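Take a look at the chain below. We will walk through it piece by piece.

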Amino acid sequence: MAGSSHGHTPAAWTGVTIAFIGFCVAGAFMVMAQPVGFWAGMAIVAGGGVVGGIMRSMGLGMPKQPAALPHTAPAATREPAGAES
């Protein structure tokens, strides 16, 4: 994946950063036994995905690659009968 530039876009970095912050918030509130704070952190995690998707649709993500068409070999042709060397 490292060689294919997978995820090296502003949309990916922003979405993952927001999701990571949400994960930290949810983890902290889980340790403090505060369910409301935990679910708020999970909402932040989901918000990271939404923000990343919106940024991708705005053109800040990886461009969509057209589907590769299967390569077909040209049909084999016979040489004319009189073409002997």
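**A walk along the chain**

Start with Thr-9, which sits in the segment before H1. Keep in mind that this is a predicted model. Is Thr-9 buried or exposed? Its relative accessible area is 9%. Buried means under 20%, so Thr-9 is buried. What does Thr-9 touch, leaving aside its neighbours within four places in sequence? Its contacts there are Leu-60, Gly-61 and Met-62.

Now step back to the whole chain. Its secondary structure comes to 2 helices and 0 strands. Helix H1 covers residues 10-31. Helix H2 covers residues 35-60. Contacts can also be sorted by how far apart the partners are in sequence.

Look along H2 next. This helix has 26 residues. From its first C-alpha to its last, H2 reaches 35 Å. That is close to the 38 Å expected at 1.5 Å a residue. Which residues of H2 are buried? They are Gly-37, Gly-41, Gly-48, Gly-52 and Met-55. These buried residues pack against H1. An α-helix has 3.6 residues a turn, so residues three or four places apart point the same way.

How many aromatic pairs does a search of the whole structure find? It finds 1. The partners are Phe-38 and Trp-39, with ring centres 4.9 Å apart. Their planes stand at 75 degrees, so the pair is edge-to-face. The cut-off for that label is over 60 degrees. Phe-38 has 22% relative accessibility, so it counts as partly exposed. Trp-39 is exposed, with a relative accessible area of 59%.

Move on to the surface. Here Phe-20, Ile-21, Phe-23 and Ile-44 form a nonpolar patch. Together they have about 410 Å² of accessible area. Which helix gives the most to the patch? Helix H1 does, with 3 residues. Phe-23 lies in this helix. At 57% relative accessibility, Phe-23 counts as exposed, because the cut-off for that is over 50%.

Finish with the totals. The chain has 85 residues, and 13% of them count as buried.

Methods. Residues numbered from 1 in each chain as written. Predicted model: local features only at pLDDT ≥ 70, side-chain atom pairs only at ≥ 80, totals over all residues. Heavy atoms only, no water. Phe/Tyr/Trp six-rings, centres within 6.5 Å; stacked < 30°, edge-to-face > 60°. Buried < 20%, exposed > 50% of the residue type's maximum accessible area, 1.4 Å probe, protein only. Patch = residues over 30% accessible without salt bridge, like charges linked within 9 Å, V, L, I, M, F, W, Y side chains within 5 Å. Areas by Shrake-Rupley, 256 points an atom, 1.4 Å probe, with all protein chains shown as cover. Salt bridge = Lys/Arg side-chain N within 4 Å of Asp/Glu carboxyl O. Helix = DSSP H or I, 4+ residues; strand = E, 2+ residues; numbered from the N terminus. Expected span 1.5 Å × (residues − 1). Contact = heavy atoms within 4.5 Å.
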